[in-house]
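These are my notes from going through one model of several chains.

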Amino acid sequence: MSSEERAQELIKELYDTVVNMDEEAAAEVSQTILREGIDAYQAVVNGLTAAMEKVGELYANQEYFVPELLLCSDALYAGLDILRPHIKVEKAGAKGRIVIGVVEGDIHDIGKNLVRIMFDAAGWTVHDLGKDVKLEKFAEEQQRTKADIVALSALMTTSMMAMPKVVQMVKAQNSNVAVMVGGAPLTREIAMSYGADGYADTAANAVEEATQLVKMLGERKG
Amino acid sequence: MMADFRQDRMTEEQRMNALLNYQKPDRVPILGMASAFYMINCGYTLTELQTDPQKAFNAMQWSCQQYNWQPLWEHLAHTVLGSWDFGAKMKMPDSPYAMAIAVETNAVQTEDDVWNLKMPDPKTTGAILKRMEFSKLQDEAGWPITFFSRSPFNTGADICGVEQFARWLMKKPEICDRLMRMALEHTLNVLQYWVDTFGAEKLVYFMSSPSEANQIFSPRHIQKYALPYHREFHQRMRAMGVKKFMFHICGEQNLNLPYLAEFASSADGWPHPSILTFGHEVDLEDAGKYFPDDIIMGNVEPALFQTGLPQQVYEHCRLCIEKGKKLRGGFILAPGCGLPPKAPSYNVWMMTKAVNDFGWYE
Amino acid sequence: MRQQRITNRERIEALLSGQPVNRIPLYPFILGFSARNVGYPLATIYSDPQKSFEAQLWTQEQYGFDWGPVYGYASYGTWEFGGKIKMPESDYEQAPSHTVFPVQSEEDVDRLKLPDVRQAGCLPLAMEFSRLQAEQGTPITLVFGGNFTIAGNICPVEKLCRWMLKKPELAHRLLRLATDHIVDAVRYWADTFGGEPVIAQIWEPLASNDIISPRQFERFVLPYLQESGEKILSMGVKHIFYHICGEHNLNLPYWAQVPMGSPGICSVGSQIEIATAIEHLGDMAIIAGNIEPHILQTGTPQQVYELCQKAIEAGKKAPRGFMLMTGCETPPDTPPYNVYMMRKAIDDFAGINSRGLFRIEGNIHWDVSGV
């Protein structure tokens, strides 16, 4: 087998470990990939990231649910932890930087965690503030990390009321940052009325939405 | 009652009794699912909902009078809460954006914690003392006494946090089984305390199951792991003599409905009619088809009360009423889940107005 | 018994024309509360006539009260005479407030001119609001400060008080301008809608005895109130609604000399007993009041209910009629249940839940035979 074919074979195997929720196998295959000198970046992009996109599809089609997603993410992180340190820096350009958290008053973070996983998988630099995050922390963290996007999550109708204030705080500090929101009680219409730039109704399409927002920011700067 | 509406021809009790006997009431009743909203309506805090049963009772009674809603069978807050009762560190709603008591640290973190879990005291743990006070106020008022817990599956998930539960369910379901077993036994211990204090015939059991929603778990997981515990729960609840049951089938549960319907129609199923409440995700007509022998309740989307225009809320209520009035088992108008406590009052009042305009059985 | 149903507009018309009503009318004086009630920002009550009207009308429908909607605020006069106000923004602001007074110095008084009522300050917004009132058939009200209150909004009231004592000619100049402005504004409304449907609503908090003495009221306030009152009524306006907010007990003999129409309407704060208001003004005005706003906001529902009961029992003796009203604006954050208590008290003591036919002194009786 040629080295290219062998690389494809192992990357496919890595892909399958994530889709099949096999954390141990993901770690083993990742080690094998390194041992055989296969490019770690290719393995991450075509193995892990691509697998999570597939997982996202399965979730959207109601074939996978949250438990499956969580185990897929365990496999993802098992592979990422091994491969990421070996990615050559010049290839590693992050797709973007994002601050994410569940707004003050709300402790429901499964949705946010799933979104974080998708951003990690897609190669973003993620700064996760956790849950029940005081409003001013979002703007503070954005300033500290120079994030392009601030992503707010809420499940409760009381905590969604905090979102317009956070949007205001973030934009007052830096108008060239996009804010996106998500969570069960929200819609795109409500998001826009809050002053947000973007909205995602599932973890599966959050990354695409954020990518478009970064593009929009770039065009605005240019 | 506010405004100048049609006069009721039945009392709240008569209206509920009509429904429970498969008879048409004078009009569609309204159940607010609004314990937090009642507090704000009367100038109280959400912390007081947890700590001051007298204020919570007053707020419920007064607000139901103001809005002309059904106070009977309305629930307060959880009698049994898996997280709190099994030792989680809890936080009172201390921010203007917090709606309810919340978990700061879960009761269990590791597998060993689960195996070492001890059964809590059914008379003193968590919120039980406060809920008992509230139940006594209901009893003094001659109201049915509501007992509120989540399902055994959900309560078990609350003990460790739903994310951890989901992982264990996939990899080590025996741990989840242990949690559900502890949850069921504890819930029934507390229920026995209520039965011993008030008598089974006065109790209304209100159960919710938000973590059984298909936004989290697949229907095959619910069928395999949750339903057996529902079965056992109902067998034992029946044996205790508790006959009145409300089930809040919360969130996106369309894929679960066939399994729940099969269970409901079996000999082990819940009593009929029970009151089944649904979120906006489940169409009321579908609910009626799956559960023809039960009273269907719902299902105006809660966020709409907070963010929608009054006309939108009114229209949604009208649609719910038009569908609900046709249901064989009977209908109660309600939000699809807890009413947002800070929803504009005028939007909330749209339920009252819509029932006045469309909800009469002539 | 057959249900006699009349609309709230019919009830107000009956009240104003001395006809029987089936329950005591209610006016909780809710501006910012209405915004909260329907989920609008509080500032829209003052900055957006359409939303303000909607919020109040919907709230009126929900709570079953009778008077309103209205447009107005206590710092009227500042903006109209060339100063600046700001709309309420923070959680703790209830109404527009002055930021720059038109008059800061004595020289400013000489330079002051009468505003163009078609353009000045909030008057275009108020006119837009009144067109909505006309369309919807609710009372067409023009709300502004009384002569002294407008003067105290043109220059800071402490300065006005000093000038009253030391340079009375300056105080009189401001009061002259305020009076002429009031007449101009009402004339504009009367020309637009006809005199008869217009009700001039005049708020006079700064002339209370919390600030000036009854002697000062007699000298600096009464003549101007009499002049503007006569001129307003001569335009065909039938009723003037005076909201005499605060401690006015010692002014009441003077208020009794102010032309109010036939009848006028006089609303009082909790500082004035309803019986006292009836004693001084009952022959010439419908009495309204007097539920203390801070009790609404912080009191128990039972306290609110008892206050309303007391006011209702006293108000039934008003010969020209009575309207249950708050003593001043209901605070925006009042628990809704407390607002509901006002209507409940009416239903229980002078409306649908009460029994029998009330006959009271004077020529007004509350006919509840139909309910």
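Entry 1, backbone. I began with B:Pro273, which lies in the loop between helix 12 (257–264) and strand 6 (275–278) of chain B. The peptide bond joining B:His272 and B:Pro273 is cis, with omega about -5 degrees.

I found a cis bond in chain C as well, from C:Ser262 to C:Pro263, with omega near -5 degrees. C:Pro263 sits in the loop between helix 11 (252–255) and strand 7 (264–268) of chain C.

In chain A I noted A:Lys146, which is not a glycine but has a positive phi of about 55 degrees. I placed A:Lys146 in the loop between helix 6 (135–145) and strand 3 (149–153) of chain A.

The model is predicted, so I kept to its rules: local features need pLDDT of at least 70, side-chain atom pairs count only at pLDDT 80 or more, and totals for chains, interfaces and linings use all residues. Residues are numbered from 1 along each chain as its sequence is written, chains are lettered from A and ligands numbered from 1 in the order in which they are written, and side-chain values use heavy atoms, without hydrogens and water.

I looked at helix 1 (residues 3–19) and helix 3 (residues 40–60) of chain A, whose axes come within 8 Å and cross at roughly 35 degrees. The axes are lines fitted to C-alpha atoms over the stretch in contact, and angles run from 0 to 180 degrees between N-to-C directions. The crossing of helix 1 and helix 3 of chain A is right-handed, that is, the near helix is turned clockwise from the far one by less than a right angle. Among the residues that meet, I listed A:Ile11, A:Leu14 and A:Tyr15 from helix 1 and A:Ala43, A:Leu48 and A:Val55 from helix 3 of chain A.

Which chains share the most contacts? Of the 2 pairs of chains in contact, the answer is A and B, where contact means heavy atoms within 4.5 Å. I read 29 residues of chain B against 32 residues of chain A. The buried area is about 2600 Å², with 62% from carbon and sulfur atoms; this is the accessible area (1.4 Å probe) that the two parts lose on being put together, summed over both. B:Tyr97, B:Glu163 and B:Arg167 supply 27% of what chain B buries against chain A, more than any other three residues.

I counted 4 salt bridges between chain B and chain A, each a side-chain nitrogen of Lys or Arg within 4 Å of a carboxyl oxygen of Asp or Glu. One of them joins B:Arg167 to A:Asp74, with the closest N and O atoms 2.7 Å apart.

The area buried between chain B and chain C is about 1900 Å², 53% of it from carbon and sulfur atoms. I found 1 salt bridge between these chains. B:Lys353 pairs with C:Glu61 in a salt bridge, with the closest N and O atoms 2.8 Å apart.

Lastly, chain A and chain C do not touch, and their nearest C-alpha atoms are 12 Å apart.

Key: Helices (H or I, at least four residues) and strands (E, at least two) are DSSP runs, numbered from the N terminus.
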